[in-house]
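Reader: I am new to this structure. Could you walk me through how to read it?

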Amino acid sequence: GHMVGTCESMCPDAERADRERNREIELFERIEPNDPSVSNAQLCVKKFSRIVDNPHCSSIRTRAALDKTCAHLYGLLGGRCDYPDGDVSLLKRSNFLWDRLRSVRQDMGLTGLLCGEWAATRLEEMARFAIAAEYLLCENVATSSKPDGHNSHLHIEQLGKTLTTLNAVYDETDDEGERSPSGKKLGSEKFRHRAEMTCYSLLLRMDDHGPFRASAAQFLRIVRSAPVHIQRSNEVQFALDVRAAYAENNAPAFFALVKSKRCSYLQACLLHKYFDALRLRSLECVNTVMNKSPLPMETVAKDVLFEESVDVATQLCESCGLSVTKNEGESVLLRVKESGFVAPAVGTSVSRRRERWVERKAPAIKSANMFRWQALITGKVGV
């Protein structure tokens, strides 16, 4: 059975009092920025915690409270994706939202709200935010020397779980929904964004990235479980085309698809995960099959790596142990086959950065330098 939540606020009073005693009030919940022991009841948001015993109904939020919580959390993003480093950086805002939205999903599950159009809308919004944040924070990923950076592994893991839960919501509503006189399931008509979300699930699982594991079996399972009209949608057909290009190591076709109008901003954000892998494969292939004639780095950058910066292309070649020299005219040349290709260690690639190809698709008001977070999360732009 499911619980009936009675908490009408964003954070239960008992939790807020407990966190004040332990000085665990987050920056976005405080009255005074430097005092972690005093919170604002209108700003405090229930944090995620693993359930050990049966929680009291007063600690579980109602549907109205969850709506208020989501609106408040997305409002913290403001209209910019890049604040200066400091207390309101995107990294800090993203970490706060990541935890609090996870708590929202937990309350939805405890109260049996993970069904129907309302639940699908909340989960769709969470997925869009997670996809955009994962790309926008790619230059701030946590490392051994910077442990407080963006935890990409946990972020991707929760994105995968959100999309899996969302797909279950779609399927359950289809199974239990009414049918038209012709026998068509009416539940699926409520989910206008199902094709979009199915595409994200497919793009996320095209290949491994970091500790996140994917397989062809998972990819095919998602395609085959989708209704026929979703399989035939433009979004899913795009995912199939881009995966085929990636699996064939066809860098020209892959990057042409990313640059095309078929590819939305959020799709490009997900595909960014695979840019490095495909570039490294292309570079290894060139070093294996080409003759020993030196290649101008401009050519390598443009036709092999599909990289707009010659300097970055040079660094990538050098990180793979390839021989790069300058001739008398100071032109940079790649000396093919003079050294063996050695893939750089995971997380050390010089090209792990935000890319112009993706940035050009961003839903921003250029003249005002404003990022359209609200429109992106609700699915009005960038999808």
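Predicted model: local features only at pLDDT ≥ 70, side-chain atom pairs only at ≥ 80, totals over all residues.

Reader: What share of the residues counts as buried?

Author: Buried means under 20% relative accessible area, exposed over 50%, and partly exposed in between (1.4 Å probe, protein chains only). In this chain, 48% of the 383 residues count as buried. The areas come from the Shrake-Rupley method with a 1.4 Å probe; for residues, only the protein chains shown count as cover. The accessible surface of the chain comes to about 18,600 Å², and 50% of that belongs to carbon and sulfur atoms.

Reader: How should I read contacts along the chain?

Author: Contact means heavy atoms within 4.5 Å. Take the contacts in the chain with a separation of 6 or more: residues 24 or more positions apart account for 67% of them.

Reader: How many positive and negative side chains does the chain have?

Author: Lys and Arg count as positive and Asp and Glu as negative, while His and the chain ends are not counted. A charge is placed at NZ of Lys, CZ of Arg, CG of Asp or CD of Glu. The chain has 53 positive and 50 negative side chains, and the centres of the two sets lie 3 Å apart.

Reader: Let us look at one helix. What should α2 span, and which of its residues are buried?

Author: The expected span of a helix is 1.5 Å times one less than its number of residues. For the 13 residues of α2 that is 18 Å, and its end C-alpha atoms are 18 Å apart, which agrees. A65, L66, T69, C70, H72, L73 and Y74 are buried in α2. Their cover includes α3 (90–110), α4 and α16 (373–377).

Reader: Is T69 buried or exposed?

Author: T69, in helix α2 (residues 63–75), counts as buried because its relative accessibility is 0%. Leaving out residues up to four places away in sequence, T69 touches M10, V45, R61 and V104.

Reader: And where is D67 found?

Author: D67 is also found in helix α2. With a relative accessible area of 30%, D67 is partly exposed. Beyond residues up to four places away in sequence, D67 touches W118 and R122.

Reader: Which helix holds R122, and what does R122 touch?

Author: R122 has its place in helix α4 and is buried, with a relative accessible area of 12%. Not counting residues up to four places away in sequence, R122 touches D67, C70, Y74 and M108. R122 and V169 are 47 residues apart in sequence, and their C-alpha atoms are 11 Å apart in space.

Reader: How many residues of α4 are buried?

Author: Of its 21 residues, 19 are buried, so α4 is mostly covered. Helix α4 (residues 116–136) reaches 31 Å from its first C-alpha to its last, close to the 30 Å expected.

Reader: What about the loops?

Author: P55 is found in the loop between α1 (13–21) and α2, and at 22% relative accessibility P55 counts as partly exposed. P55 touches M3, I60 and L110, with residues up to four places away in sequence not counted. R23 is found in the loop between α1 and α2, and has a positive phi of about 55° although R23 is not a glycine.

Note on methods:
Residues numbered from 1 in each chain as written. Heavy atoms only, no water. Helix = DSSP H or I, 4+ residues; strand = E, 2+ residues; numbered from the N terminus.
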